[in-house]
Amino acid sequence: IIKCKVITMKLPRLDIPNYKTTLPVSLTEVTYRPYTVKEEKILLMAMQGDDAGDKIEAMLQVVTNCSSVDAKTCHPVDIEWLFLKIRSCAVSSRVEVMYNIAPETCGKPDDSQRVCPVKISGGFDIGSVEIKNLEEMSQYATRSGDTWVVMITDTVGLQFKIVALDVESDHLYGLVQSVIDGSSVYPKEDFTAEEFNTFIDSFVPSQLEPVTKFLRAVPFTSAVITARCSVCKKEFKSEVTDIVNFLV
């Protein structure tokens with residue numbers, strides 16, 4: 001009987017680099033890594049369906065897997081920003097899209113026999129993505145790290161921590177961290193939702209206008225898609241928002 005010794009060899013594991021970025025809304029510094037084929041499969045499965053909720057859940061899972069944050073606790077814009085960073089180092093910073101051309105915008109001469117295509121290839125660079133409305137928010141509130149203070153009167157104000165902003169009154173209590181009255185600060189743990197709603201109802205509408213404007217100045221991602229027609233050579237530009245919809 002000849003005995004054979006079985007030699008097993010473990011396959012190597014590749015080192016994945018880590019990066020750092022500061023989230024634009026919370027100003028929190030976080031670490032992240034490129035997503036792997038394992039996470040890419042999560043995105044591809046979500047993209048096969050038409051359910052927007054499944055796509056969002058896939059993005060949240062990838063961000064949580066590939067960064068130092070729990071995606072479900074962060075502001076949506078911070079999550080989009082982080083997902084773009086993760087996608088940029090995993091695939092490419094260039095995002096290719098198809099640009100639709102309306103016939104009346106074509107740049108070819110009227111007597112030309114050449115026909116411009118209805119769709120042309122275009123795209124944008126993730127590095128050029130901007131976060132809009134943060135400056136507008138600062139017109140109505142004072143920022144301190146990841147919290148904002150909106151003054152209702154000269155001495156009374158509300159401190160907010162931005163997660164998912166909503167102008168509905170039912171969600172106002174969920175966003176408030178504390179109530180400020182002069183030098184006194186009342187943390188959220190000291191009052192119930194009912195007490196807070198009674199407090200808010202005691203103001204006249206004009207006093208709450210800064211709060212309303214602050215909550216409506218919701219941050220969002222924005223990028224400019226550029227595309228050039230191969231026939232007429234005309235360059236087209238279009239601003240798009242909710243950038244993550246192009247990727248998931």
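Trainee: Why is K233 called exposed?
Mentor: Set the value against the cut-offs: exposed means over 50% relative accessible area, buried means under 20%, and partly exposed is in between (1.4 Å probe, protein chains only). K233 has 51%, so it counts as exposed.

Trainee: What kind of model are these values from?
Mentor: This is a predicted model, where local features need pLDDT of at least 70 and side-chain atom pairs count only at pLDDT 80 or more, while totals for chains, interfaces and linings use all residues. Residues are numbered from 1 along each chain as its sequence is written, and side-chain values use heavy atoms, with hydrogens and water left out.

Trainee: Where does K233 lie, and what is its phi?
Mentor: K233 is in the loop between β11 (220-228) and β12 (235-241); strands here are DSSP runs of E, at least two residues, and helices are runs of H or I, at least four, numbered from the N terminus. Its phi is near 65°, a positive value in a residue other than glycine. Most residues other than glycine have a negative phi.

Trainee: Which class does L27 fall into, and where is it?
Mentor: With a relative accessible area of 44%, L27 is partly exposed. L27 sits in the loop between β1 (19-22) and β2 (29-32), and its phi, near 60°, is positive too.

Trainee: Why is S67 called buried?
Mentor: Its relative accessibility is 14%, so S67 goes in the buried class. S67 lies in the loop between α2 (52-66) and α3.

Trainee: How do you know whether Y35 is buried or exposed?
Mentor: The relative accessible area of Y35 is 11%, so Y35 is buried. Y35 is in the loop between β2 and α1 (37-47). Leaving aside neighbours within four places, its contacts include I86, R87 and A90. The C-alpha atoms of Y35 and R87 are 7.0 Å apart, although 52 residues separate them along the chain.

Trainee: What is the span of α3, and what is it set against?
Mentor: The expected span of a helix is 1.5 Å times one less than its number of residues. Helix α3 (residues 76-90) has 15 residues and reaches 21 Å from first C-alpha to last, close to the 21 Å expected. Its buried residues include W81, L82, F83 and R87.

Trainee: What makes a set of residues a nonpolar core?
Mentor: Its members are buried Ala, Val, Leu, Ile, Met, Phe, Trp, Tyr or Cys residues joined through side-chain atoms within 4.5 Å. The largest such core has 46 residues, and among those touching the most other members are V63, L82, L158 and F214. Apart from it lies another core of 19 residues, including I126, I225, C232 and F236.

Trainee: How much of the chain is buried, and how many helices and strands does it have?
Mentor: Buried residues make up 37% of the 248 residues. The chain has seven helices and twelve strands.

Definitions and conventions
Contact means heavy atoms within 4.5 Å.
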